[in-house]
Amino acid sequence: VLPVIKENQSQHGLRHGDYQRYRQYCARRLRRLYKTLHFQHGSRHAFKPKKLTKELVKDVKFLHIPLMDTERAWSQAMELKLLANTEPRKRFHLIRRLQKASKHAQDLENLCDGDMCDARTKLEAQAYSSYMKGSVSFELQNWKEALELFGRSRTIYERLAGAFSEEQRNMYLQRVEEITPNIRYCAYNLGESGTDINDLMQLRHCSAGGVQDPVLAAKIDEVLAQTREKEAGAMTEVVWCNRTIPVRNEKVRGFILHAQQMARELDRAEDLDGRMELYEDLLLECKDALQAIKDDLKGDLVSEELKVHKTEAQVANLQFLHTYVTYLKLTKTIERYLLLAESMKNQLPANLQDTANGSEPLPNKKLTKPEDMVRIYDIILQNLSDMSELHSVEDDLELTKEIAAQTLEYKAYRCFYIAHSYLLAKKWREAAVLYDRVTSHANSAVSHFRECQNFQSQASRLQDLASLSRGSKCSAHASSILDSEEITDKLASATIEDKTLAERLDVYHVDQSLVSKKPHVTTFPPDFQPVPCKPLFFDLALNHVEFPSLAERVETKKAAGITGYFKGWLWGGGN
């Protein structure tokens, strides 16, 4: 009941205190409801009133009829209240309209008492009816009755605020704040008359765990149970970074549920292509979810040609939800590239395969270069960097530690494949230094993972990587020694025939290649030669040089008198 009322009031004038506009909207809404539900009171020529009973309530729109009747009468009463200060007779009309609103609210409560409505609707109808009855007693100055009715309404709204998500909780708490001044004013008037109000203020002092009415307590417990069961089944909120986020958009809710069920779908997939397709579908769905949240943040939701303005709490929840969905997107992107990296490892050259777990590359598939693996880990590290820069991640210490540990882990893998690429290029020294760096990154990552929970598998993998890196370093060092010995042997066994003509100009040798089509004259391109660096000159003394004054040599122009002015005007000046 309350969300419907608040939405209608915010869209149709009450944001600016225009009760007349809201009353006119309620009248138009009632006319449309009568016509839609075929519940007209007679015909055009004669009025025949119809009574709305529980047997006729077959659609939820029937419950909107007494609700709109109540709101129409209440808004007219509030409009008359603004005029009652200058016209005292308006107060009698005001009381009559409030009594009419109370009657329609009681009809709504009776209709909601059936089996068609859930416990939440019944409680809200009771709170709404109590508020309208309390407003009548308040205007009639029946302070005792008004205090009891307002206290009952506030108690229900307080308990409902503790049963729902943060967004709806704020709405109920705002309603409680609206009722509290009326309760205080009633208590003040009762205190002046000397009435014993200890029994009357029990509802006012009822906390969340101390409801005095057992029937009301039972109904509140029932709505709590129903709400929690419904939210667990429908997933209306998620918990991330020690904060609960309400999820109202269907696209966002569907994406989050899909992301949670992704592990089971991956187990059912048969091959790599099927798994990659699952990730692509999920990331496309994530794109739509992020766009839906952006549309909600822009306030593009239009209802009956009026924009729905959001509170600061709603905007903060949407921004936090956008951060959470972005985090899920980055996480699933990293998982996708890790899956791709695992498949590409099997196609590395045979000399780079792990002898314990590696397998021969398939002949009908393209071999994987170490540079391809480096590119994949670059993308993974970029996603981790974006993840660490998210707004709410830095507030969660455990998540920050996990991201730092994963960053060190994938830096170790990236450095490992960079060393492989230098190894294939026969740059043994660079490869050996990089393998040392792999061991350093791996050990740092293991120490970080030990501080986190449920990351034992990553620590064991990193230890295997460190041992593999140490073995590769020894292999690179041995290859470097062998390569240097081969170069020495080649230089020692080189003869004059192997030298170019430019290198043996002082030795006469008959070289038949000089008269052929490919003469062996010189090496091209020529080898680099060390040259001296071009000197750089800085004129530091210029700032300390004092130049002589030339003021006496500058010609000064004498000022002409009034005679010279007339002379120039009459005879053309000193031409």
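I began with burial at R120 and E124 in this predicted model: R120 is buried, and E124 is buried as well. I then looked up how their side chains relate, and found that R120 and E124 meet in a salt bridge at 3.1 Å, N to O. Both residues belong to helix α5 (residues 119-139), where they stand four residues apart, about one turn of the helix.

The side chains of E342 and K345 form a salt bridge, with 3.3 Å from N to O. I noted that E342 and K345 are separated by about one helical turn because they lie three residues apart in helix α12 (residues 312-345). I checked the exposure of each partner. E342 has 47% relative accessibility and therefore counts as partly exposed. K345 has 16%, below the 20% cut-off, so K345 counts as buried.

I then examined R414 and D378, whose side chains meet in a salt bridge of 2.4 Å, N to O. This pair joins distant parts of the chain, with R414 in helix α14 (residues 397-424) and D378 in helix α13 (residues 370-388), 36 residues apart. I recorded R414 as partly exposed because its relative accessibility is 29%. D378 is likewise partly exposed, at 33% relative accessibility.

Which residues are linked with K6 in a network of salt bridges? I found that R175 and E178 are linked with K6 in this network.

Finally, I looked up the total: the model contains 16 salt bridges.

Definitions and conventions: Residues are numbered from 1 along each chain as its sequence is written. This is a predicted model: local features need pLDDT of at least 70, side-chain atom pairs count only at pLDDT 80 or more; totals for chains, interfaces and linings use all residues. Side-chain values use heavy atoms; hydrogens and water are left out. A salt bridge is a side-chain nitrogen of Lys or Arg within 4 Å of a carboxyl oxygen of Asp or Glu. Helices (H or I, at least four residues) and strands (E, at least two) are DSSP runs, numbered from the N terminus. Buried means under 20% relative accessible area, exposed over 50%, partly exposed in between (1.4 Å probe, protein chains only).
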